[in-house]
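Dear colleague,

I am handing over the structure we spoke about, and my notes on it follow below. Please read them alongside the sequence and the model.

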Amino acid sequence: MEGLDTLTSALARRTPERLAVLLARHAEPLSRRPAPARLRELAASLWSYETLHQVVLGLDKPGLHVLAVTARLSQERARKEAHGPAAPEPGTGYQSLMAHRLAFPDLAAEPVPVAEVYAALTAAGHGGDADREAIGAALEGLYEVALAAPTEDGRVVVPPRTAQLIGGRDLGEFEAAPSVEETAQAPDPAPEQALIAESQAAAAGLGGALERLLAALAVQPAALRKSGGPAVREIKRLAKAAGTSEPRTRLLLDLLLAADLLALTRTPTGTVALPTGGYDDWLALPPGERLLPVLTAWAGHWAIATWTPFGEAPTALERGDDRRAPALRHGLLAALATCTEGGAGRGVPVPAPDAPSLEALRPLIAVTAWHRPLAVADEPLILERAAHTLDEAAFLGLVAYGTLTPLGRALLRTETDADPAPLRGALRSLLPPPLEQALFQGDLTAVVPGPPSTALSTLLALVADRESEDSATAWRFSGASVRRALDAGRTADALIEDLTAVSATGPLPHPLTYLIKDTARTHGRIRVVRAGCCIRSDDPALVAELAAHRALRDLGLRAIAPTVLVSAEEPGPTLEALRAAGYAPALEAETGTTVVERAPTHRSRAPLRKPADHLAVARRLLDDESE
């Protein structure tokens with residue numbers, strides 16, 4: 001087949017770096033097909049109907065227009081040169097149709113001289129004197145994404161199924177550039193520093209929400225329903241743990257699953273979602289690096305997770321089937337960039353998804369239709385989809401004040417160039433390195449004026465309760481939180497030493513030191529023995545006090561010795577009841593040693609997906625072709 005031969009030859013002339021960019025740009029659709037062993041197989045995968053169906057969504061209007069006109073000209077040439085019927089006979093069976101599909105001109109393509117493409121686009125009815133430079137740039141863009149291939153004699157071939165994909169669409173006149181409509185409601189230009197501050201706050205909040213959500217799933221994995229997705233009760237629990245809304249929690253769950261930080265694992269009681277082994281490596285990354293896989297996953301996610309169409313139930317942790325969603329995201333971000341440049345820096349009105357009217361988005365949608373026409377066309381709910389997409393972008397720190405933040409511009413460049421370097425650099429400059437020290441205050445609080453390091457956050461979470469989180473994070477110490485650290489096997493001296501080592505103000509405040517020592521003094525005076533169970537203490541008066549305590553009646557305590565009580569409950573409920581009554585018991589093993597209590601953490605045993613080395617694959621394919 002001449003078209004595939006031409007594409008294979010064009011791929012063989014690429015450098016390994018250029019071919020790797022192509023593989024990275026089309027990684028998602030190509031992942032749904034067998035891995036190619038030779039360039040010919042790669043060419044067949046690139047021009048398969050399934051791959052084309054996804055790739056054409058990423059074309060802007062000039063590229064789509066040039067592709068459609070070239071396909072039409074190719075189809076007309078094929079009809080003239082065909083020896084078979086112009087169309088299948090009525091009643092033709094499926095097997096017969098597929099066996100003779102190459103005989104039908106509508107399923108074939110002939111090379112088209114490039115001059116004819118220029119002539120067709122500059123003719124009357126196609127926009128008058130179209131910009132030849134824009135047509136040339138669009139044609140080169142089609143070559144770059146392998147939606148067209150040049151022949152050696154100056155002609156161009158396109159995929160044979162192009163006409164079935166886009167041939168019936170009315171693309172109107174050729175537009176070399178989008179037209180931006182000025183709106184009176186446009187917000188005033190925002191200073192660059194304000195955009196950076198807004199993006200920084202959103203990114204820091206996102207990082208904290210992701211960390212808390214993963215920590216909650218590590219302690220208690222989310223159970224999934226048999227029909228798929230977590231129940232409403234699970235979403236509410238996880239939203240409370242993450243400190244965000246339920247729709248945004250569903251978004252974060254989907255992104256964590258796509259970023260390989262969550263996995264769905266079968267257990268004897270059903271399917272659960274729990275962190276993968278990559279979660280521990282993720283915790284060790286700087287704050288900016290943590291967000292890189294999440295933002296990359298959002299750009300390619302096949303769903304608008306915060307949007308639930310009318311009549312449907314909200315869900316999460318399911319494979320998305322909205323193939324237009326990635327193209328719509330890119331189109332909206334690119335449209336924001338275009339509108340900002342064309343409006344002297346003014347932003348675009350971006351109403352909230354629950355606003356009474358979303359009509360203010362119409363001008364932005366019009367520009368989006370130039371950047372990604374197929375993501376907008378024939379979409380009756382485009383305003384709702386766009387509003388929720390922009391709301392997600394604001395939550396992720398990509399949009400603020402009706403325009404793109406520096407982080408949003410970096411993500412747009414990363415998508416366009418299929419290179420994560422711009423996004424990685426923007427995240428590193430946006431989020432400073434994590435802090436290793438905290439400010440301890442006399443009111444039994446510790447404040448970290450920035451993102452805490454993993455070690456600092458782990459230490460403070462062990463001995464204190466997180467109280468607030470914004471640009472600074474505050475923890476509060478209490479008797480219960482200190483007892484939690486003592487239950488985990490830490491001693492008072494070790495706690496004071498570790499906290500002093502991370503104190504930015506020198507020695508710890510006296511109230512905190514007193515709290516730790518006083519709590520440790522009473523900790524362990526009561527001992528719960530694993531026997532079904534027994535409570536013992538060296539203080540007979542304390543034992544008598546427990547036996548007479550009203551709040552402990554449900555334990556059925558009775559004295560079997562001056563220093564020993566028997567409880568009708570197991571050790572776990574007995575410990576909880578004693579702690580609820582204000583005591584500080586410690587769990588003791590049958591050998592008499594103190595048992596260290598630690599909250600169990602869970603990890604999926606599923607193997608992690610290895611990142612694709614597109615450059616190595618490109619070199620192998622090119623080397624095999626040259627042999």
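To begin with the arginines, the charged end of R290 sits over the ring of W282, at 5.0 Å from its centre, where a charge counts as sitting over a ring if NZ of Lys or CZ of Arg is within 6 Å of the ring centre and within 35 degrees of the ring normal. R329 likewise lies over the face of W298, 5.1 Å from the ring centre.

Before going further, please keep in mind that this is a predicted model, in which local features need pLDDT of at least 70 and side-chain atom pairs count only at pLDDT 80 or more, while totals for chains, interfaces and linings use all residues. Residues are numbered from 1 along each chain as its sequence is written, and side-chain values use heavy atoms, with hydrogens and water left out.

Turning to the aromatic rings, the count comes to two aromatic pairs, under the rule that rings of Phe, Tyr and Trp (its six-membered ring) pair if their centres lie within 6.5 Å, with planes under 30 degrees apart called stacked, over 60 edge-to-face and the rest tilted. The rings of F440 and F477 have centres 6.1 Å apart and planes at 35°, so this pair is tilted. Because F440 lies in strand β9 (residues 439-441) and F477 in the loop between β12 (473-476) and α23 (479-487), the pair ties together parts that are 37 residues apart in sequence; helices (H or I, at least four residues) and strands (E, at least two) are DSSP runs, numbered from the N terminus. Both F440 and F477 are buried, where buried means under 20% relative accessible area, exposed over 50% and partly exposed in between (1.4 Å probe, protein chains only).

In helix α22 (residues 454-463), the buried residues are L456, S457, L459, L460 and V463. They cover an arc of only 165° around the axis, which puts them on the same side of α22, the arc being that of the directions from the helix axis to the C-beta atoms. On the other side of α22, A455 and T458 are exposed.

As for the cysteines, a search of the whole structure finds zero disulfides, a disulfide being a pair of cysteine sulfur atoms within 2.5 Å. C533 is in no disulfide, and the nearest cysteine sulfur, that of C534, is 6.9 Å away. C533 counts as buried at 1% relative accessibility, and C534 is buried with a relative accessible area of 17%.
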